[in-house]
Amino acid sequence: MPLQSVTIQTTPLGSRLIGEDIHTLYHLDIPIPHDDLHALIIAATKTSDEHPRAEIAGVLADRTADGVRIHVVASTSHFDIPWPIIARGIHSK
């Protein structure tokens with residue numbers, strides 16, 4: 001199922017992306033503060049077609065055809081945020 005919402009939650013070690021669909025929650029811990037993560041996602045949406053990537057402190061955000069993919073380089077994990085959720089806004093906790 002496609003994600004219904006995405007929330008950025010502040011944690012002691014940085015922040016956490018939480019994605020929610022009808023039956024499941026997904027999460028990814030990100031080692032940067034909440035405000036930096038939100039700015040990174042916005043920066044990725046504004047990148048050029050030649051260089052569709054934004055980066056802060058080992059966290060990459062790539063603009064893709066389906067939305068924005070957040071990579072944590074240290075753990076090789078990623079989290080995809082679809083365009084409709086970015087357009088509606090990402091919630092904060």
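Author: Here is a walk from the sheet to the helix and then to the core. This is a predicted model, where local features need pLDDT of at least 70, side-chain atom pairs count only at pLDDT 80 or more, and totals for chains, interfaces and linings use all residues. Residues are numbered from 1 along each chain as its sequence is written, and side-chain values use heavy atoms, with hydrogens and water left out.

Start with the sheet. Four strands form an open sheet in the order S3-S2-S1-S8, with mixed pairing. Strands (E, at least two residues) and helices (H or I, at least four) are DSSP runs, numbered from the N terminus. Two strands pair if DSSP finds at least two bridges between them. The edges are S3 (25-30) and S8 (91-92), each pairing on one side only. Strand S2 (residues 14-20) runs antiparallel to S3, and six bridges join them. Within that pair, Ile18 stands opposite His27 of S3.

Helix H1 (residues 34-45) packs on this sheet. H1 touches S1 (5-11), S2, S3 and S8. The directions of H1 and S1 make about 145°. Such angles run from 0 to 180 degrees between N-to-C directions, with axes fitted as lines to C-alpha atoms, for helices over the stretch in contact.

Now the helix itself. H1 has twelve residues and reaches 17 Å from first C-alpha to last, close to the 16 Å expected at 1.5 Å a residue. That expected span is 1.5 Å times one less than the number of residues. His34, Leu37, Leu40, Ile41 and Ala44 are buried in H1. Buried means under 20% relative accessible area, exposed over 50%, and partly exposed in between (1.4 Å probe, protein chains only). Down the axis of H1, the buried residues fall within an arc of 125°, so they line one face of the helix. The arc is taken from the directions from helix axis to C-beta atoms.

Next, the largest nonpolar core. It has 22 residues, and Val6, Leu17, Ile30, Leu37, Ile70 and Ile81 touch the most other members. Such a core is a set of buried Ala, Val, Leu, Ile, Met, Phe, Trp, Tyr and Cys residues joined through side-chain atoms within 4.5 Å. H1 gives this core its largest share, four residues.

Last, a residue of S1. Thr7 lies in strand S1. Thr7 counts as buried, at 10% relative accessibility. Beyond four places in sequence, Thr7 contacts residues including Arg16, Leu17 and His91. Contact means heavy atoms within 4.5 Å.
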